[in-house]
Amino acid sequence: MQLSAAASDLTAAFAAALGDAAQAGLGLAVSGGSDSVAVLRLARDWADKTGTRLAVATVNHGLRAEAVSEAAFVADLCADLDIPHHVLNWSGWDGQGNLMDQARRARYRLIADWAGSQGLGTVALGHTADDQAETFLMRLARGSGVDGLSGMAARHRSNGILWLRPVLDQRRADLQAYLRQIGQSWIDDPSNDDPRFDRVRIRQMMAVLQDLGLGVQTLTATADRMAMARAALEQAAVRAAADCATIDQGDVVFQIGVLAGLPDETRLRLLSAAICWVASADYRPRLSALTNTWSELLAGRQRPLHGAMLIPKNQQLRVTRDPAAVAGLCTPFGGLWDGRWRISGPESNGLEVRALGAEGLTFCPDWRETGRPRMALLASPALWSGDHLIAAPLAGFGNGYRAELAQGAESFALSLIAH
């Protein structure tokens with residue numbers, strides 16, 4: 001089939017967006033909508049030319065009856081294109097909290113786990129310029145700062161996967177025109193017209209905003225400029241961290257005097273990054289809570305925030321795990337505890353990793369020699385056999401066992417930069 005000039009430009013832009021990032025294999029997240037189906041067809045043509053292995057995943061959140069038929073549509077399409085297809089089911093919605101946010105996070109986790117099981121380190125998503133503009137407006141409405149308004153990245157790394165958005169610069173209408181030209185159908189999700197969702201209401205407003213000069217092109221250009229500003233702020237934070245932050249057994253320790261002398265933006269960026277790194281949190285604490293906590297810390301009062309405990313003492317500020325946040329958290333020996341710790345050692349049968357806690361600390365007579373605050377040790381990983389403490393490596397009671405950060409201390413500096 002002879003493609004139109006516009007379609008040929010689209011295929012060239014798609015290949016350029018992928019570059020050489022996915023030569024070892026590419027996973028595709030395909031829902032059946034026009035955007036992801038266009039990515040699938042573009043990827044099939046690209047893979048035919050490059051010899052790259054493809055695999056497709058469709059997530060069924062179990063929230064709509066149509067999801068089963070939509071997954072079947074994608075499965076049939078993949079069979080026609082000779083691409084392996086897997087349906088990933090999610091049943092984690094309990095009726096509480098933000099449905100869209102929980103579904104989105106679950107989708108990324110499921111796809112990342114699937115990609116790992118398939119030996120794929122790269123996954124392509126179908127977000128478009130229209131999605132970018134809508135995301136910008138949603139975040140603007142929520143009062144987001146530079147980071148939020150910088151929008152979605154064309155590529156970033158998380159959960160051990162490189163995520164690509166190869167059509168992020170393309171308009172949805174252009175992708176649909178491409179699909180029509182090649183005779184490819186798609187499925188329109190009825191929830192895309194449901195005004196209960198913020199994104200749908202913003203999408204319905206776009207025609208009015210266009211008349212006011214706030215069209216997709218203007219909004220995405222502003223997001224791009226915000227991304228440039230974000231990169232500069234991140235680099236400033238990295239330099240500041242080198243001057244005032246050290247890592248001590250999984251805690252972030254700041255020199256308070258240096259931290260206090262930093263610009264507000266840099267200081268708060270460092271604090272929120274440290275809290276998220278220590279607590280394995282997906283989102284930053286609210287700005288108001290962070291600024292109020294900083295005032296308390298300057299007054300010498302320790303405070304819990306967002307799963308972390310912030311302890312000011314002797315001109316230092318230690319950001320450690322909040323013991324209350326890990327109380328009752330239990331992982332079998334050898335597993336990842338609290339999203340960041342692994343204990344290794346000679347014996348494993350029947351052992352569990354739990355927080356040391358106040359009771360466990362009584363069996364660690366040398367804990368003061370570690371130099372770490374009692375509060376920090378209460379939340380540290382310990383090895384238990386029932387109610388019997390086997391080891392508490394961070395509290396001076398190693399007993400032949402070691403506790404190590406799964407990602408390493410250097411991952412804090414990396415967390416300051418968007419990937």
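A residue is called buried when its relative accessible area is under 20%, exposed when that value is over 50%, and partly exposed in between. The legends below describe a predicted model.

**View 1. Strand E2 is mostly covered within the sheet.** Seven of the seven residues of strand E2 are buried. Leu54, Val56, Thr58 and Asn60 point one way from E2, whereas Ala55, Ala57 and Val59 point the other way, and all of these residues are buried. In a regular strand the side chains alternate between the two faces of the sheet.

**View 2. Six strands form an open sheet with mixed pairing.** The order of the strands is E3-E2-E1-E4-E6-E5, and the edge strands, E3 (85–89) and E5 (155–158), each pair on one side only. From one strand to the next, the twist averages 30°.

**View 3. Strand E2 has parallel partners in E3 and in E1.** Strand E2, which covers residues 54–60, is joined to E3 by five bridges, and within E3 the bridge partner of Thr58 is Val87. Helix H3 (residues 66–81) packs on the sheet, where it touches E2 and E3, and its direction makes about 170° with that of E2. Strand E1 (residues 26–29) pairs with E2 over four bridges, and Leu26 stands opposite Leu54 in E2.

**View 4. Val208, Leu212 and Leu214 make a nonpolar surface patch.** The patch has an area of about 290 Å². Leu214 lies in the loop between helix H8 (198–211) and helix H9 (216–244). Because its relative accessible area is 34%, Leu214 counts as partly exposed.

Terms used. Residues are numbered from 1 along each chain as its sequence is written. This is a predicted model: local features need pLDDT of at least 70, side-chain atom pairs count only at pLDDT 80 or more; totals for chains, interfaces and linings use all residues. Side-chain values use heavy atoms; hydrogens and water are left out. Two strands pair if DSSP finds at least two bridges between them. Helices (H or I, at least four residues) and strands (E, at least two) are DSSP runs, numbered from the N terminus. Axes are lines fitted to C-alpha atoms, for helices over the stretch in contact, and angles run from 0 to 180 degrees between N-to-C directions. Contact means heavy atoms within 4.5 Å. Patches are made of residues with over 30% relative accessible area and no salt bridge: like charges are joined within 9 Å, nonpolar side chains (Val, Leu, Ile, Met, Phe, Trp, Tyr) within 5 Å. Accessible areas come from the Shrake-Rupley method with a 1.4 Å probe; for residues, only the protein chains shown count as cover. A salt bridge is a side-chain nitrogen of Lys or Arg within 4 Å of a carboxyl oxygen of Asp or Glu. Buried means under 20% relative accessible area, exposed over 50%, partly exposed in between (1.4 Å probe, protein chains only).
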